[in-house]
Amino acid sequence: MASGFFAILDDIAALMDDVAVTSKIATQKTAGILGDDLAVNAEKATGFLSSRELPVLWAITKGSFINKLIILPIAFLLNWLYKPAIEMILILGGLYLAFEGVEKIIEFLFHRSKKGHEVVKESAEDEDSEVSEKAKINSAIRTDFILSIEIVIIALGTVIQENHPLLTQILTVTFVSFIATVGVYGIVALIVRMDDAGFKLIKKSHDKGFFSKLGHLLVKALPIIIKILGVVGTIALILVSGGIFTHNIHYLHELLPTWPAMLKEFTFGIVGGLGAVALFTIGKAIYSLATKK
């Protein structure tokens, strides 16, 4: 009986070792999408009143965990029943990401009217600010859902290529998926609270010395970082969508073979986004006419 017990422990240790090794490989392959995920979600989690930043971020994080709980079993089931369905889902998700990215560019170029701090100030006084906050949270969770699908599929593809048993595949993909959420939103939380940390350093140092200078630097750096993340997040949305189109649509994969991969993906993302925005605009106009009394 004792030998049987130790044999079980040995099997568990071997399984955990396999999971650790495979998780390392899968994490390396998802590093690019995790970087994009960080940029996109950091941009999504900013623009709120200071008192609402962490509650909003926590709401998005919970939504991200729920996304993973939904995606993981469906991904394994579809991979077993009908693998092409995963590609179809990825392409639809890519269209949504491209739509979001191009919509942001159009908004910036043609509909700019107010600075970010003015919008936040007005939203605090607006009766509909709570509704606006919920809308932004829901938008962030939807974007996270698409990015989570990409992370899960890449991780799943890695463990399948390594020919690991099903249990190892499930444990590895689950671990990579959830560590992605913890890592990404943990870093985002640090970014959005930079100014608070800076103010505390200034207060504790009585606005003198090295820590005071560091505090002022953190306070001044936050708006710049947020602006950079806004730009990087938008570019990331387009690149991720273009990458999805390139890797999952054979015609596009073979098209423009001499172009650099990043330029090719950005171009496909822009074109896909413009198409999605046009379809959305036409659909919205038709719906408006149909419901008009």
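Helix 4 (residues 84–110) packs against helix 11 (residues 261–291) at an angle of about 85 degrees, and their axes lie 7 Å apart. That angle makes helix 4 roughly perpendicular to helix 11; the label covers 65 to 115 degrees, while angles under 35 count as roughly parallel, over 145 as roughly antiparallel and the rest as oblique. This is a predicted model, in which local features need pLDDT of at least 70 and side-chain atom pairs count only at pLDDT 80 or more, whereas totals for chains, interfaces and linings use all residues. Residues are numbered from 1 along each chain as its sequence is written, and side-chain values use heavy atoms, with hydrogens and water left out.

**Overall picture**

- The protein has eleven helices and zero strands, where helices (H or I, at least four residues) and strands (E, at least two) are DSSP runs numbered from the N terminus.
- Of its 293 residues, 38% count as buried; buried means under 20% relative accessible area, exposed over 50% and partly exposed in between, with a 1.4 Å probe and protein chains only.
- Among contacts between residues at least 6 apart in sequence, 81% join residues at least 24 apart, a contact being heavy atoms within 4.5 Å.

**Annotated spans**

- An unreviewed UniProt entry carries the annotation "transmembrane region" for residues 65–82, 143–160, 166–192, 224–246 and 266–287. UniProt positions are given in the numbering used here, feature names are shortened, and annotations may be inferred rather than shown by experiment.
- Residues 166–192 are 100% helix and 0% strand in the model, with end C-alpha atoms 39 Å apart.
- Residues 266–287 are likewise 100% helix and 0% strand, and here the end C-alpha atoms are 31 Å apart.

**Helix 4 against helix 11**

- From helix 4, the residues in contact are L95, A98, F99, V102, E103, I105 and I106. Their partners in helix 11 are G269, I270, G272, G273, L274, A276, V277 and F280.
- By class, this contact has eleven nonpolar residues, three polar and one charged. Ala, Val, Leu, Ile, Met, Phe, Trp, Tyr, Cys and Pro count as nonpolar, Asp, Glu, Lys and Arg as charged, and the others, Gly among them, as polar.

**Helix 9 against helix 11**

- The axes of helix 9 and helix 11 come within 7 Å and cross at roughly 100 degrees. Such axes are lines fitted to C-alpha atoms, for helices over the stretch in contact, and angles run from 0 to 180 degrees between N-to-C directions.
- Helix 9 and helix 11 are therefore roughly perpendicular to each other.
- On the helix 9 side, the contact holds I235, I238, L239, S241, G242, G243, F245, T246 and H247. Helix 11 brings M262, K264, E265, F266, F268, G269, I270 and G272 to it.
- This contact divides into eight nonpolar, seven polar and two charged residues.

**I238, a residue to look at in the viewer**

- I238 sits in helix 9 (residues 209–248) and counts as buried at 1% relative accessibility.
- Leaving out residues up to four places away in sequence, I238 touches G101, V102, I105, E265, F266, G269 and I270.

- The buried residues of helix 8 (residues 194–204) are M194, D195, D196, G198 and I202.
- H206, in the loop between helix 8 and helix 9, has a phi near 55 degrees, a positive value in a residue other than glycine. H206 is exposed, with a relative accessible area of 63%.
- D207 lies in the loop between helix 8 and helix 9, and its phi is near 60 degrees, a positive value in a residue other than glycine. D207 counts as partly exposed at 45% relative accessibility.
- L217 of helix 9 is exposed, with a relative accessible area of 54%. Its C-alpha atom is separated by 7.4 Å from that of G198, 19 residues apart along the chain.

**Aromatic pairs**

- A search of the whole structure finds three aromatic pairs.
- In one of these, F210 and F211 have ring centres 5.4 Å apart and planes at 70 degrees, so the pair is edge-to-face. Rings of Phe, Tyr and Trp (its six-membered ring) pair if their centres lie within 6.5 Å; planes under 30 degrees apart count as stacked, over 60 as edge-to-face and the rest as tilted.
- F210 counts as exposed at 58% relative accessibility, whereas F211 is partly exposed at 49%.
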